[in-house]
Amino acid sequence: MISAQQLPTLESQGQGAWRTTEGVAHLTLDDAIFTAQNQSIAAMTAKYTFLSSYWSYRSHKASLLPSLNLTGNLLSFDRSLSLIQDYDTGDLRYFENYNMQNQIGLSLRQNIALTGGTLSVYSSLNRLDQFGSIDRKSYYSQPITLSYTQPLFAYNSLKWAKKIEPKEYELAKRHYIEAMEDVTARAVSYFFSLALSEANHRKAQKNYENTKSLYAIAEQRLKIGSISKDELLQLELRMLNDSLSINNTALSLREQQMRLTSFLRLKENTTVEPIINEEIPVIALDYEMVLSKALSNSSFELENEISLLNAEASIAQAKANRGASASFNARFGLSQTASELGAAYANLLDQEVVGLQFSVPIFDWGMGKGRVKMAKARAEMTRSQIEQAEIDYRHEVYTLLEQFTNQRNQCEVSRRAQAIALDRYAIAMDNFRRGTLSVTEMNTAQSEKDSAEQTYISSLATFWNYYYQLRRLTLYDFMTKIDIEAEFERIIKE
């Protein structure tokens, strides 16, 4: 399995260039992705969101395990008057309380997920000291007591939690990997936005220099009458526009620099120099394989399963709350009381308590039945929504796959178009210097060259955006042919 962060390290991608002088960092696309996944705020947010889900799952698992508790009530002193009824005469009289109580107990409690009942074992010791004309003390011991409570016909929340919580935790894992792929997609977008802005700025500077050179030639040609004043003014206007373009592209370049450095959490004085690898990998994809990976790896199918389970749990809860409710309680233990501690544990007496509590609605105006109908209706609505979502999801996978497959050809075409436009522009420059090309034709060649250069970089950006969208959709690396995973044990231990 490949980790969501298992990308080329900065060392393997030339970290020496990363630390070049004058604050210039030469980044490849892999460098930008690696840095984003390891130190961006978005990556940290994804990590802590996962950890929150992890501890929620740990709490669920803990609720299924026995819990051991030590309880106590120490030095509880009471000196007061209490109103008590005399059983012989029925008179109410105030009697003085003057005592101190100490109590300590140890209990072991276990929830039974299968039945929804609760089993507990506990042991306790009480000491009562009574003060007055004659001081007396007494002990009350319960060495062991078994207690069991079993709701009947009730909604078993533990049973449903045992079904849903593991899936919720697995969903949290997939959401984390998807969030890291979202981080990757943002890094790709910012990287190519910077690359395009930088290319536009260089192009504006180069165009200005070329136009300035052509303007000087045009001034000489005007003197000999080989061009008109109007054509010279066209070149001058072009030169002024190129000058304005330098300022505009410089501002855009600075903005994109700040966006990328802020996202990667680099120092403010760092200037990123994007290094574009123009090699387009050949990746043959099959729709059925891509769809299979998307359904098995992503959060989509798992979210649907959890939605259906929650709907079924709501129906079960509505049915349980509709009719009769009952609870069976049983307690068995040993106890004794005495004035001495040792005697309080001798000749122990049995104690048994068994009871059944119940509640039966005689008439509720159909309220319980209505709740069940509502829960069933919501469940059916959930199933319909899931069915529609699956149709839309398959269409999304198909559309994205078609776009990605077609984009490689678009890159090849735009690369060839760029090469042709550059060659044509160079020829146009030579022809203009020789006086065989008009200013209008020269401007057209420059515009086509500028458009071709921009289209090529945009095509590269679109290709990689589609690729990482497919990765995010399937959680699968199509180049290494390995499912994308994360080192969750390391994340938890950090």
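This is a predicted model: local features need pLDDT of at least 70, side-chain atom pairs count only at pLDDT 80 or more; totals for chains, interfaces and linings use all residues.
Local features were considered at pLDDT of at least 70 and side-chain atom pairs at pLDDT 80 or more, while totals for chains, interfaces and linings use all residues. Residues are numbered from 1 along each chain as its sequence is written, and side-chain values use heavy atoms, without hydrogens and water.

The second largest pocket has a volume of about 310 Å³. A pocket is an open set of points on a 1 Å grid over the protein atoms alone where a 1.4 Å probe fits, with protein on both sides within 12 Å along at least five of seven lines; the volume is the space filled by probe spheres set on the points. Its lining comprises 15 residues, with A195, A199, R202, I276 and I457 nearest the centre; lining residues have an atom within 4 Å of a point. At least two lining residues come from each of α4 (157–224), β7 (271–275) and α9 (439–474), and α4 gives the most, six. Seven lining residues are nonpolar, one is polar and seven are charged.

Helix α4 also meets helix α7 (residues 299–322), the two axes coming within 10 Å and crossing at roughly 155°. The helices are therefore roughly antiparallel, a term applied to angles over 145 degrees. The crossing is left-handed. On the α4 side the contact (heavy atoms within 4.5 Å) includes W160, I164 and L171, and on the α7 side L302, I306 and L309 are among the residues involved. The contact residues divide into eight nonpolar, three polar and nine charged.

Terms used:
Helices (H or I, at least four residues) and strands (E, at least two) are DSSP runs, numbered from the N terminus. Ala, Val, Leu, Ile, Met, Phe, Trp, Tyr, Cys and Pro count as nonpolar, Asp, Glu, Lys and Arg as charged, and the others, Gly among them, as polar. Axes are lines fitted to C-alpha atoms, for helices over the stretch in contact, and angles run from 0 to 180 degrees between N-to-C directions. Angles under 35 degrees count as roughly parallel, over 145 as roughly antiparallel, 65 to 115 as roughly perpendicular and the rest as oblique. A crossing is left-handed if the near helix is turned anticlockwise from the far one by less than a right angle, and right-handed if clockwise.
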